[in-house]
Amino acid sequence: MTGSAVKKTGLARGMALLACVIGISLLHYLTPLRLAMLHDIFQRLYYIPIILAAYWFGFRGGIGCALLVTFCYAPHILFQWGGHIAMEMEKYLEVILYNVVGGITGMLSQQERTRREQLEETAKGLEDSYRQLRSQSELIIRIEEQLRRAERLSALGELSAILAHEIRNPLASIRGTAEILMGDGAAANRDEFLEILVKESDRLNRVVEDFLRMARPEPAIKKECDINYELANIVMLLSAQAQGEEVELDFAPGEIPAVTADPEKLRQAFMNIILNGIQASAPGGRVQVTTGFDSQSCSIEIRFCDNGPGIAPEAIGKIFEPFFTTKGSGTGLGLSITRKILEGHGGTLEVESAPGEGACFRVRLPA
């Protein structure tokens, strides 16, 4: 309420209390003394305005109303009950009790009011703190969204720059070959230059296709899949290439349960890892594929280990980044696509390697 409304309410309550005390006092003065029972009732009625005054106005209100009752009731005791010593002492004790009740009730009411005001202040402070926290949380959310947007734009810019670099090299080769073919002295080596054009065009197309495969999510068609069966087929398909590279390709299947997955995507991921192992191995090397079941994590573990030159420590943290490659003819997207496929199946891809001791890629898939 406003200040004027509070003042009006307080004035109305004060006038009501005054009228109540005067009314009860008039009942005392106008009622004959022989009706002692009525005087006892009127005497108790004084407690009503005293308690109300204490509740409405606190300690001062309770004491003030009790003093007003004393002022109005004392003449009645002195002049009308005078001469009745026992009765007069009882009335004076009642007057003292009025003041005690008014003071105690007013003090308790004032303490309760003070406590309520403190709680209201605390609630107001908490509400202000809540509003501040809410505004700060909204600000943090907006900042996080801006940071995520900035990270996406940064990653997009980095990928675009790397893609442009990867495309520029075969384009330069194609342009140079085309300029030679346009010259007069290119007829003798025409087939060789056309072969270069086709080779560089294929390389350019491979870079674009791998980039799109990594950037564009493809719908997964998941069904029950036998990992050992898929790996056996891949090993059989790549065995001829491994023999051509004079690399031994070995598969040691373990007892594993079937999984729900997209077999086409898993074949692509496993083939990328095995091809990397074959290409990294020197003649006479070996690539071993093993499967097993980890009962503790309830997952299938697939290991692809080779005895090639291994991965340099500074390159281990980068081999899963797009376009990072240590091979001159690679696009650097194979392992990145492989990791994305496995993570899409709830799995993980990790690598352990030491220079000169080969590399071991470990795949975990939930069973």
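Q: How do the residues lining the largest cavity divide into nonpolar, polar and charged?
A: Five are nonpolar, two polar and one charged. Ala, Val, Leu, Ile, Met, Phe, Trp, Tyr, Cys and Pro count as nonpolar, Asp, Glu, Lys and Arg as charged, and the others, Gly among them, as polar. The lining is Ile273, Asn276, Gly277, Val287, Phe304, Cys305, Asp306 and Phe361, so Asp306 is the charged one. This is a predicted model: local features need pLDDT of at least 70, side-chain atom pairs count only at pLDDT 80 or more, and totals for chains, interfaces and linings use all residues. Numbering starts from 1 along each chain as its sequence is written, and side-chain values use heavy atoms, without hydrogens and water.

Q: Why is this space called a cavity?
A: On a 1 Å grid over the protein atoms alone, a 1.4 Å probe fits there but cannot get out (lining residues have an atom within 4 Å of a point).

Q: What makes α7 and α9 partners in contact?
A: Contact means heavy atoms within 4.5 Å. Among the residues that meet are Phe270 and Ile273 in α7, and Ile337 and Ile341 in α9. The residues of this contact divide into eight nonpolar, five polar and one charged.

Q: Where is confidence lowest?
A: Helix α5 (residues 190-215) is lowest, at a mean pLDDT (confidence from 0 to 100) of 70. Strand β5 (residues 299-306) is highest, at 92.

Note on methods:
pLDDT = per-residue confidence, 0-100. Helix = DSSP H or I, 4+ residues; strand = E, 2+ residues; numbered from the N terminus. 1 Å grid on protein atoms, 1.4 Å probe; cavity = no way out; pocket = protein on both sides within 12 Å on 5 of 7 lines; lining within 4 Å.
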